[in-house]
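Hi everyone, thanks for making time this morning. Let's bring the model up on the screen and walk through it together.

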Amino acid sequence: MEKKLSGLSQLYFTSFLHNFSIFMVIPAITDVTMAAICPGRDQCSLAIYLTGFQQAITGVGTLVMMPLVGYLSDKYGRKALLTVPLCLSVIPSAILAYSRTRNFFFAYYVLKILTAMVCEGSVQCLALAYVADNVPEGRRASAFGILTGIGSCAFVCGNLSTRFLSTASTFQVSTAVGVIAIVYMKIFLPDSMIDNDLSVPILSKGKGKIESTCEKASDCCSTQNSTQIFKPIPSLDDMLCLLKSSLTFSQAAIVAFFTSFAQVGLHSTLLYYLKAQFHFNKDQFADLMVISGIAGTISQLILMPMLVPLLGEGKLLSIGLFFESTHMFLYGIAWSFWVPYASAMLSILYVFAQPCMRSIVSKQVGSSEQGKAQGCISGICSIANVISPLAFSPLSALFLSEESPFDFPGFSILCTALVSSLAFIQSLMIRVVPPVSSQRINDSNDV
């Protein structure tokens, strides 16, 4: 037990360092993009389109990579797979740490797309699986909330540091902290040993067997025995079988799709909207994010552990999604510069959604499939990540331009609120069933 608690604390610190490195560049990247693409302007449709294209291509990559990363972590350990995204995520920041001229910006842009295909969401997915390995089912919602709270704390600290650093120093510090996260993880984080096959090398020759949760739940998955060069990887059929194995799982997947669709649409356009509408810059962006992060940290580290036993994950999920759509609505109709700050404070309630949804998912599969389950949900979110920028980036660029059909700069953000409300409605239909026994997959393998 002490070893598990020690592993969790080291995971939390690794997650903090990584998120600190990633989040601190967010307020600065909008100004860097605008300076490289449209110097001297507060409104630039090309910058919005480039950001949307980047997120769409990243979504295509993560759609393939997230289920694979989760599956491989079930086989070879969380720590081995964590190394890859931690290392790759440092590269783009290092480029802008060296220079932010137009040519270096485009080098950053291309490498950011390539690395984000593997890194985007991978650390969070693997961290959730690690927590599920080491925390009993009854305490996972609170543990997931703490993990998300650590991320919110890193969000606050990263954006607060950006507030007092120059743009160049921001990327330099981000790169340094990212390297420290890699070193700390490799030295101090113990692996989460989830089965006896973790010592088997990734390249293997011999009898392979595709194991799936739905072997016992349905007949849609077949067991295959063949000589293979690579150990089997999850296919689309495996993911569909996982979705069919539990009604609760499939309902949570629908919620994940709609909420991710709305969040990506909001995040891809919000900063450009605030810059065009209220002339926000790096410092105002950082202030806004610090407010949101502080409220979210307090909620996840203090309120959520108290509310989960009282209300349950299902009700907290619905509460979080209701206030998520509300805060998007306020952004969309903002009539003064202080409204976005008031909207950001609602993060004290809408941050419940993600950890509750992930906790519900984790309880629907056995202990040896946590990585696959979290990777499946992340893959579904990646589908939304592909579609959302293609829908919202042109819409935002249109309503922020002089060719807008009517005067409503926040119209695209109001549309994200409507999409988020669909996730809220779906969450009301979820019936949280008793968790699946961690022995289910083992029983299935013995058949």
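Let me start with a question: does Ile 294 count as buried, partly exposed or exposed? Ile 294 has 41% relative accessibility, so it counts as partly exposed; here buried means under 20% relative accessible area, exposed over 50%, and partly exposed in between, with a 1.4 Å probe and protein chains only.

A word on what we're looking at. This is a predicted model, where local features need pLDDT of at least 70 and side-chain atom pairs count only at pLDDT 80 or more, while totals for chains, interfaces and linings use all residues. Residues are numbered from 1 along each chain as its sequence is written, and side-chain values use heavy atoms, leaving out hydrogens and water.

Back to Ile 294, which sits in helix α13, residues 282-332. Helices (H or I, at least four residues) and strands (E, at least two) are DSSP runs, numbered from the N terminus. Together with Ile 298, Leu 301, Ile 302 and Met 306, Ile 294 makes a nonpolar surface patch of about 430 Å².

Now the whole chain. The protein chain has 19 helices and 2 strands, and buried residues make up 57% of its 447 residues.

Let's go inside. The largest nonpolar core has 84 residues, and Val 131, Phe 171, Tyr 273 and Leu 274 have the most contacts within it. Helix α12, residues 247-278, gives this core its largest share, 10 residues. By core I mean buried Ala, Val, Leu, Ile, Met, Phe, Trp, Tyr and Cys residues joined through side-chain atoms within 4.5 Å. A second, separate core has 26 residues, among them Leu 242 and Met 304.

What does Leu 274 touch, not counting residues up to four places away in sequence? Its partners are His 279, Phe 280, Phe 285, Leu 288 and Pro 340, with contact meaning heavy atoms within 4.5 Å.

His 279 lies in the loop between α12 and α13, and at 55% relative accessibility it counts as exposed. It has a positive phi of about 60° although it is not a glycine. Most residues other than glycine have a negative phi.

On to the rings. There are 23 aromatic pairs, counting rings of Phe, Tyr and Trp (its six-membered ring) with centres within 6.5 Å; planes under 30 degrees apart are stacked, over 60 edge-to-face and the rest tilted. Phe 13 and Tyr 184 have ring centres 4.9 Å apart and planes at 70°, so they are edge-to-face. That pair links helix α1 (residues 2-23) with helix α9 (residues 167-188), 171 residues apart. Phe 13 is partly exposed at 36%, whereas Tyr 184 is buried at 19%. Ring pairs also join Phe 13, Phe 16, Phe 20, Tyr 184 and Phe 188 into a cluster.

One last stop: Ser 393, in helix α17, residues 370-399. Ser 393 is buried, at 2% relative accessibility. Beyond its neighbours within four places in sequence, its contacts include Ile 48, Gly 52 and Ser 268.

Thanks, and over to you for discussion.

Conventions:
Patches are made of residues with over 30% relative accessible area and no salt bridge: like charges are joined within 9 Å, nonpolar side chains (Val, Leu, Ile, Met, Phe, Trp, Tyr) within 5 Å. Accessible areas come from the Shrake-Rupley method with a 1.4 Å probe; for residues, only the protein chains shown count as cover. A salt bridge is a side-chain nitrogen of Lys or Arg within 4 Å of a carboxyl oxygen of Asp or Glu.
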